Amino acid sequence: MITKEALECFQRFRSPFYYYDMELLDKTLSEYNTQLSQYGWMAHYAVKANCDSPILRLICKAGLGADCVSGNEIKAAMKEGFDPRKIVFAGVGKTDAEIRFALEAGILCFNCESLQELSVIDSIASRLGKKARVALRINPNIDAHTNNYISTGRCIDKFGFTEKMLPRFFELFPKLTNCEFVGLHFHIGSQITDMQAFRLLCEKACAEVRIFGERGFKVTDLNLGGGLGVDYDNPEAHGIPNFTKYFETIRSSLSLPEGVRVHLEPGRSIVAQSGYLVTRVLFIKDNGERKFVIVDAGMNNLIRPALYRAKHRIMNLSSYRDCQTYDVVGPVCETSDKFATDAVLPECGRGDLLAICSAGAYGEVMEMKYNRRDFAKAYYSDRLNEYKSNIDE
Ligand SMILES: Cc1ncc(COP(=O)(O)O)c(C=O)c1O
């Protein structure tokens with residue numbers, strides 16, 4: 001939520017900037033934890049969604065582990081206090097240096113995505129005199145019915161081991177003396193709102209646990225990844241995702257042998273709704289066909305609309321005038337630098353502040369310097385007092 005007090009501070013901040021509602025993040029974490037503790041499962045926050053330091057610190061304080069996809073993400077998580085024994089490391093392209101670093105740090109587990117990766121981890125572990133805990137990322141060939149570009153669990157996607165690769169895994173693994181098999185990992189995509197996709201995932205996961213068990217590979221850890229979606233259309237009404245429904249869907253669809261530990265990797269569902277990208281209106285331009293609001297934030301600050309055609313709700317924080325219909329565009333020299341088409345907003349004028357909602361996940365982390373534009377600074381709701389006393393941010 002953007003309070004009156006926050007808005008007063010915003011007037012002095014250099015735009016564009018990210019603003020995080022830390023109270024909402026805290027509440028989201030506490031609702032998530034209420035569900036998690038009920039089932040006794042473990043959660044590893046997907047650091048890729050947002051690795052801003054105060055956000056990582058709050059998530060770490062809430063007791064979650066971390067799901068990382070690069071050596072630098074592991075470093076960032078550890079710097080903010082995450083215990084390496086709660087860190088899992090996924091990704092199809094881990095470098096030797098990253099593998100070495102993760103082994104030395106003593107992470108919980110590598111989520112492995114190819115046969116060659118397993119052999120490389122084994123030989124690096126052998127050189128370091130270590131044993132690597134590994135889980136196999138399975139590609140279950142499930143269509144999560146989400147955006148094509150954030151779907152990760154189909155055979156055409158680069159992720160994980162497909163059914164066809166498994167016989168070669170069963171043959172290879174006993175030869176890898178420095179790897180310890182701990183279980184299976186899945187992640188079928190992001191922004192999933194259809195619970196049926198999670199049901200299918202659980203059924204498939206349980207079947208794989210049985211198959212691996214029959215082949216002599218005891219699964220002690222089953223990681224179902226992340227993927228729960230958020231409401232981008234109406235973030236005010238659904239600031240916290242329906243965790244109860246999600247957890248209940250998973251619980252009721254899982255049937256596992258005694259002693260299997262279940263892990264989850266939430267990203268978007270934890271951080272999306274607590275972030276805003278706040279931007280100033282530079283110009284209004286009516287070209288006779290369309291009315292454009294040109295703002296000072298660009299696709300370099302929030303690339304989701306350009307990359308995925310993602311839709312974010314936009315609010316005009318400065319105007320209560322009658323509504324008009326606009327295309328909201330940024331200053332970058334790309335036609336795709338557009339935050340909204342036909343957005344209905346209170347009439348906009350030069351200098352108005354607009355808030356692009358639900359920007360907490362895959363927003364700030366994906367910023368880039370295209371057109372030599374600056375990164376947006378981040379501000380936090382629990383530091384408003386500090387900002388008030390620091391004139392001229
Ligand atoms: C392996 C893995 N786990 C977890 C996540 C987090 O997904 P989400 O943000 O949809 O919860 C991702 C996101 O891409 C991922 O690749």
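A: What follows describes the domain contact, then the chain as a whole.

This is a predicted model, in which local features need pLDDT of at least 70 and side-chain atom pairs count only at pLDDT 80 or more, while totals for chains, interfaces and linings use all residues. Residues are numbered from 1 along each chain as its sequence is written.

The protein chain is assigned domain 1 (4-16 + 273-383) and domain 2 (22-270), with bounds that come from an automatic or database domain assignment. To the contact between them, domain 1 gives 18 residues and domain 2 gives 21 residues; two residues are in contact if their C-beta atoms, placed from the backbone, lie within 7 Å. On the side of domain 1 that touches domain 2, helix 11 (304-308) and strand 16 (377-380) are the elements that give two or more residues. Helices (H or I, at least four residues) and strands (E, at least two) are DSSP runs, numbered from the N terminus. That side of domain 1 has eight nonpolar, six polar and four charged residues. Here Ala, Val, Leu, Ile, Met, Phe, Trp, Tyr, Cys and Pro count as nonpolar, Asp, Glu, Lys and Arg as charged, and the others, Gly among them, as polar. The centres of domain 1 and domain 2, taken over C-alpha atoms, are 32 Å apart.

In total, the protein chain has 12 helices and 16 strands. The C-alpha trace spans about 70 × 40 × 40 Å along its principal axes. Of the contacts in the protein chain between residues at least 6 apart in sequence, 72% join residues at least 24 apart.
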